[in-house]
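The walk-through below goes sheet by sheet, then turns to the helices.

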Amino acid sequence: MNVVSTVDPRDGRRRATDLTETDESRLEVIVDQASRATRWLAGLGRLGRADLLDAVAASLEARRVDLVAAAEAETGLAHARLDQELTRAAVQFRMFGDVLRDGAYVEAAIDHAADTPLGPGPDVRRMLVPLGPVAVFGASNFPFAFSIAGGDTAAALAAGCPAVLKAHPSHPLTSHASAAAIGSAVRDLGGPEGVIATVYGEQAGRSLVRHPAIRAAALTGSVKAARAIQAAIDERPDPIPLYAELSSVNPIVVLPDAAADRSDQIAEGLFASFTASGGQLCTKPGLAFIPTGRGGDRLVETLREKVATSGGTVLLNERIRDAYESRAAEFERAGARVSARPQVDPGAGFTAAPRLLEVDLPGLTAEIADECFGPLMVVVRYHDVGDLDAALNAVPPSLTGSVHRGPGDEADVVRLLVDVLAARAGRIVFDGYPTGVRVSWAQHHGGPWPSTNAVHTSVGATSIRRFLRPLAWQDAPAWVLPEELRDEYAAIPRRVDGRLTPAAE
């Protein structure tokens, strides 16, 4: 079996681990255990699974020091960033505990037997139930919040689905330690093997989604990775859904009065947003539309100064560093001029220099409007807000779109921009920056292709829907129904005979 290695991106040194790539026989055991663990999760019920998720959060926090140290050595991300991300991972598990206790997510509906305009109608009761074991692919840029201990895992377990997790090759030791923390919480509650498991290696990932017991897959990664996983899924005799969060440019529009009113403040925010975590965030703003004129000129000049005096940033791995340099060169060949770039010693690791590129609006091409993963942002200078409609429609759809308004910017202009962005993004940000995705009930983290490949979101309470399916019971005896569908049950909101009935106090 092939040994799994790990690389410290700060110095580029590779070292072997005690982990090995998962072979076909081991994968078969893992998926079989996951299939059998489905019954245990179902037996816990909503409230038992909520307690499990709380226990997972506590287990992750109890191992904070070791987990953050492992991730720092494998990603090069700052300690403070990783510490905050681990907190986010714990918050996600606890939030889904709240979702389970609330119970509305099951969408319980009861239509009692009755006479209808079409004749006698049977008793029909419906709710959402678990799909079964799901495959989760860890993301390189979030070793906790979108990886083994991430929101996909939390949503799957909340739904009652065992999670088989494909570790990202950039952080195998962090993945192993995260899985151990979750597994410890499962065992403390008497859970079996298979509630959570981790596989290693690209071949294991392909074999995982081809396995007939796997009922869905989730990915945060590149379009290329999604196509490879989808190709493996397409080899199945029965299709399963792949929920993928992929490429996003996240345009920001600064209107003229906003630039005139607070150019320095916006420049500060833009710089922090596109360079945070080395620009390796799915919500990083890749395009900033900034007006010509005194306010816009000052904003761009301040941005240039900040970029020119910044240092280098360590990127997650060699592949990302090389792709960043290649894509930046493509932008320049396509007509984007270098506005600012610090002189950085690349050193022995995967260090890269932030870049600020600039192009006038007529020169914005499809090549320049594409995503560049890393600390690069293209400033697009425009003369007339009337030109923004066509320009934004030429930008690939994204997870987010942002608008900065000033006191004199017309409401009709803002409404038009919002209409354009609403058709091409999943979240619209006003007078702010898209990086920093709140974990909450109202949050949505998706958008039209290529930002995601489905209408479902990967962040927020509704992400649990990805791992559920509707099931209806017709004329069923009460004893066979889930408790949420029995007449006397009143602990969750339900729709009974067409009317929404709130939960009993």
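Strand β8 (residues 163-166) pairs with β9 in the parallel sense, over four bridges. Two strands count as paired if DSSP finds at least two bridges between them. Strands (E, at least two residues) and helices (H or I, at least four) are DSSP runs, numbered from the N terminus. I196 in β9 is the bridge partner of A163.

This is a predicted model: local features need pLDDT of at least 70, side-chain atom pairs count only at pLDDT 80 or more, and totals for chains, interfaces and linings use all residues. Residues are numbered from 1 along each chain as its sequence is written, and side-chain values use heavy atoms, leaving out hydrogens and water.

Both strands belong to an open sheet of five, ordered β9-β8-β7-β10-β11, with parallel pairing. At the edges stand β9 (196-199) and β11 (242-245); each has a single partner strand, so one side of each is left without a neighbour in the sheet. Neighbouring strands are turned by 15 degrees against each other on average, direction ignored. Axes are lines fitted to C-alpha atoms, for helices over the stretch in contact; angles run from 0 to 180 degrees between N-to-C directions. Contact means heavy atoms within 4.5 Å. Helix α7 (residues 223-233) lies across β7, β10 and β11, at about 175 degrees to β11.

Now the seven-stranded sheet. It is open and mixed, in the order β15-β17-β18-β13-β12-β19-β20. Its edge strands, β15 (337-340) and β20 (425-430), each pair on one side only. Parallel strands β12 (residues 252-254) and β13 (residues 287-291) are joined by two bridges. I252 has A288 in β13 as its bridge partner. Helix α12 (residues 411-422) lies across β12, β19 and β20, at about 150 degrees to β20.
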